[in-house]
Amino acid sequence: MVQITSALPIAKMVGSNRVVLGHGIVHVAGDASLSFQEEKELRRNLVLDALKALQSAEKE
Amino acid sequence: MRVVHYLNQFFGGVGGEERAGMRLEEREGAAGPGRLLEQLLGGNAKIVKTLVCGDNYAVEHQDEVIASVLKKVQEAKAELFIAGPCFEAGRYGMISGALCSAVQSELAIPVVTAMAGENPGADLYREALYIIDSGPSSAKMRDVLVKMAELAKKLVAREEIGLPGEEGYLRRGLIRDEFVEQTAAKRLVDMVMAKVTGGPFESEMVPTSFEPIPMPPAVKDLSKARVMLITDGGLVPKGNPDRIEGSAATRWGAYSIEGLDDLKGDDYEISHGGYDPRFVQEDPDRLVPLDAMREMEREGKIGKLHNEFLSTSGLANPLSNTRRIGREMAEKVKKEGIDAVILTST
Amino acid sequence: MRLTLARHPVTDIRFETATRLEGTSLFVDVEELRRNILEDDSLRNVDFETVCPGENCRAAPVFDIIEPRAKEAGGSQDFPGILGSPVTAGMGTTHLLAGAAVTVLGERAAGGSGGAIGRVLEMSGPAAGGSPYSSLNHLIVIPHARSGIPNHAVQKAYRVAGLKASVYLARAALSQRPASIETFDPVGPTEKGHEGLPRVAYVGQIFSRQRKPEVDEQILYGANTDGMLPVLLHPDEWLDGALVPSYYSSLGGAETYFYQNHPVITELYWRHHARELNFVGTVATIAGSDNEDRDRNCRAAASLVKWVLNAEAAVLTKYGGGVPHADMAETARLLEGMGVRTAVMVSDMSRDRRVESALLFNFPEVNAIVYCGGNGTRWNAPQVERVITGSPEAGEALAGLREIGAYNVAGVANQQGASRLRAVVY
């Protein structure tokens, strides 16, 4: 499992092993201030990071 | 005061490990350590029955033994139930904890037991019960019985029970409010002065430690993996059909994304009071990134995206709920043959 | 800077034709006070009541509680930045009416975690014993806003009305002899005379960015704190009117009364005077709006404590709920890493009263924690002879009251350090 979240201290505290930094509490996988294309790009990159973490043996 | 006492085969004087399979037996009056316990309870306390059972039998037939004991305690019109002391004996500690817990909730009479802090029974039952810390060694039997008797008398008399250090019980991990003499400000300055001068101080709260979760091995081949999306941001279908609560949620749901490439705001709502929901309501992919995941699927970066996402609300949710929800979700993950999960959290 | 407090005890407050302090009796010309307050044309009217210590009475929803205080000429201004120009507070002599308070009621509960009735001034009954406010003589001020005025303007009007009343009452004492005079010791990072004693600082949150402040919400010298970074303040600035609480405080709450009588600052002054420690100063800080804001503020506060105040120890308090809690812990963690020993004051955040659910941080070095209660304490709210409310709607909400929680009783779970309600782990 990989967790995408902006609340890193909490994820760290409860022992979540694979954590990817999300993009803000109110839109963890998006950004309302970006254009539609930019947002899709951001989300794609976030998901790619998450997939990378799943394949990594290192704690993130 | 009528008391019923539970002992295992060893303390009941029947035998050692070789008798651990014995069934539940009933004796009139006190037996083994019960004799001293009865004296220490004083006044008109009388152990009217001693129940003895083998540790193996008790653990293997726990429900039956509990039902039996409840019946006998009720028949004896007991006002107090005591089990143990168990010291290090793990099976003994488990059954004593289970029995005390059942008597407390079903019959609402005071219960006391005792065992070492490391006893597995302590872990399971310390929150529900007052468990005297007996330490591992039965050489301390007398001291332990004294503490058990003192605590038992207070419980029966409905007196206020003091702190773990004072009464000798294992810290239960519960919180209660009390008015004290000193203001928080005074206690705060006292504490920092002790800390900076190297003096002793006792923090009013000890940070809880979450047990480390062993890191699951990396996914070997994502291009063949079945991936599931889960969120604690409270995204649910319009109408919240499973009535997932926005705060302190006790429920979770599994929602179909079969054939969908994209989540539309019109089809969903957010049940979570802890963040401004506008952005996710506008485009739920901002919370559950279905569109990006479908791309991954199409491009062969993952094998298959599971046809449901799981959802609950993480807001102000006590661990008593979230531990259970996590376990249940994990069972679903296993059942569906999922290889990897992406959890998005607000 | 050495603040002097001149104390005038008050044992009763009565309405009369001329405002004066005679012995310990305060007579108030409410017509004059009314005219004074109604200079603010956001208000159409203002009502007044008096309440005695221990009276069979409750009043709600409480907007703020203020100790009557007025500056002698030649020193700082009364509530600079709000009633006067924003010049440094804490200088000269301040006359105060000890045993008295001005309590402002809102017309509507503020909402947030207070629920429909907000904070209640409980003067008698089982809850009252837990609050320092039940033993004071109160002038209750009930401002009535004109309709159609935006909420933030209404709240500003309430704020100004309360502070004006506080100054007006205390001015009656200016011509009287005080019962006692106290001048605070000179304190600061470069003061001499306390060498060798542990250098201790106070870091207090004054606002939480879980919400944006109103544009005209006056908190620190009349500024609304938006965008501010942590700032050094002399302790006397807290005590002498530089600070008032924001419009919403959650959990145990904060009142102007306990900025004026700040429990932590007062305790540190006392210990400084007793030569147990060297009180080197304070930092006022804010809980962040996101991770980046948190990082920025916590580091800035820690740096001020370490590199400017040169403190060896620090005590920290928070303002609000969970996010402020995490920010305070992070600041303490950073300080510990810099060699500054810390103690923090937390409120009980558990919902199920289990230790596991209680803390939102887990830093081994932040191991000196004062644990304030309130989360699980409720009292019977017996019928009282007199109920004072800000409006008929508030009155209705209060009428059905059978039970009251500790967070709803002003003063009981106070986050400024006045609380004696401890959350005990067992």
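What share of the contacts in chain B with a separation of 6 or more comes from residues 24 or more positions apart? The share is 72%. The model is predicted.

**Overall build of chain B**

- Chain B contains 11 helices and 13 strands.
- The radius of gyration of chain B is 27 Å, whereas a compact globule of 346 residues would have a value near 20 Å.
- The C-alpha trace of chain B extends over about 75 × 55 × 40 Å along its principal axes.
- Buried residues make up 53% of the 346 residues in chain B.

**Surface and charge of chain B**

- Among the side chains of chain B, 43 are positive and 54 are negative.
- The centres of these two sets of charges in chain B are 4 Å apart.

**Contact between chains B and C**

- Chain C brings 61 residues to the contact, and chain B brings 46 residues.
- About 4,700 Å² is buried between chain C and chain B, with carbon and sulfur atoms giving 64% of this area.
- On the chain C side, the residues that lose the most area to chain B are Arg420(C), Arg422(C) and Tyr426(C), which together account for 20% of what that side buries.

- Lys46(B) belongs to strand S3 of chain B, which covers residues 46-53.
- Beyond its neighbours within four places in sequence, Lys46(B) has contacts with Met1(B), Arg2(B), Val3(B) and Glu38(B).
- The C-alpha atoms of Lys46(B) and Ala78(B) are 9.7 Å apart, and the two residues are 32 residues apart in sequence.

**Cis peptide bonds**

- Most peptide bonds are trans.
- In chain B, Gly84(B) and Pro85(B) are joined by a cis peptide bond with an omega of about 15°.
- Pro85(B) sits in the loop of chain B that runs between strand S4 (80-83) and helix H4 (90-107).
- In chain C, the peptide bond from Ala60(C) to Pro61(C) is cis, and its omega is near -10°.
- Pro61(C) is located in the loop between strand S6 (57-60) and strand S7 (62-66) of chain C.

**Positive phi in residues other than glycine**

- Most residues other than glycine have a negative phi.
- Asn240(B) has a positive phi, near 45°.
- The loop that holds Asn240(B) lies between strand S9 (235-237) and strand S10 (253-256) of chain B.
- Asn240(B) counts as buried because its relative accessible area is 11%, and the buried class is under 20%.
- Asn310(C) also has a positive phi, with a value near 55°.
- In chain C, Asn310(C) is placed in the loop between helix H6 (291-308) and strand S17 (313-317).
- Asn310(C) is partly exposed, with a relative accessible area of 43%, whereas Asn240(B) is buried.

How values were computed: Residues numbered from 1 in each chain as written. Chains lettered and ligands numbered in written order. Predicted model: local features only at pLDDT ≥ 70, side-chain atom pairs only at ≥ 80, totals over all residues. Heavy atoms only, no water. Helix = DSSP H or I, 4+ residues; strand = E, 2+ residues; numbered from the N terminus. Rg over C-alpha atoms; globule rule 2.2 N^0.38 Å. Buried < 20%, exposed > 50% of the residue type's maximum accessible area, 1.4 Å probe, protein only. Contact = heavy atoms within 4.5 Å. Lys, Arg positive; Asp, Glu negative; His and termini not counted. Charge placed at Lys NZ, Arg CZ, Asp CG, Glu CD. Buried area = accessible area lost by both parts, 1.4 Å probe.
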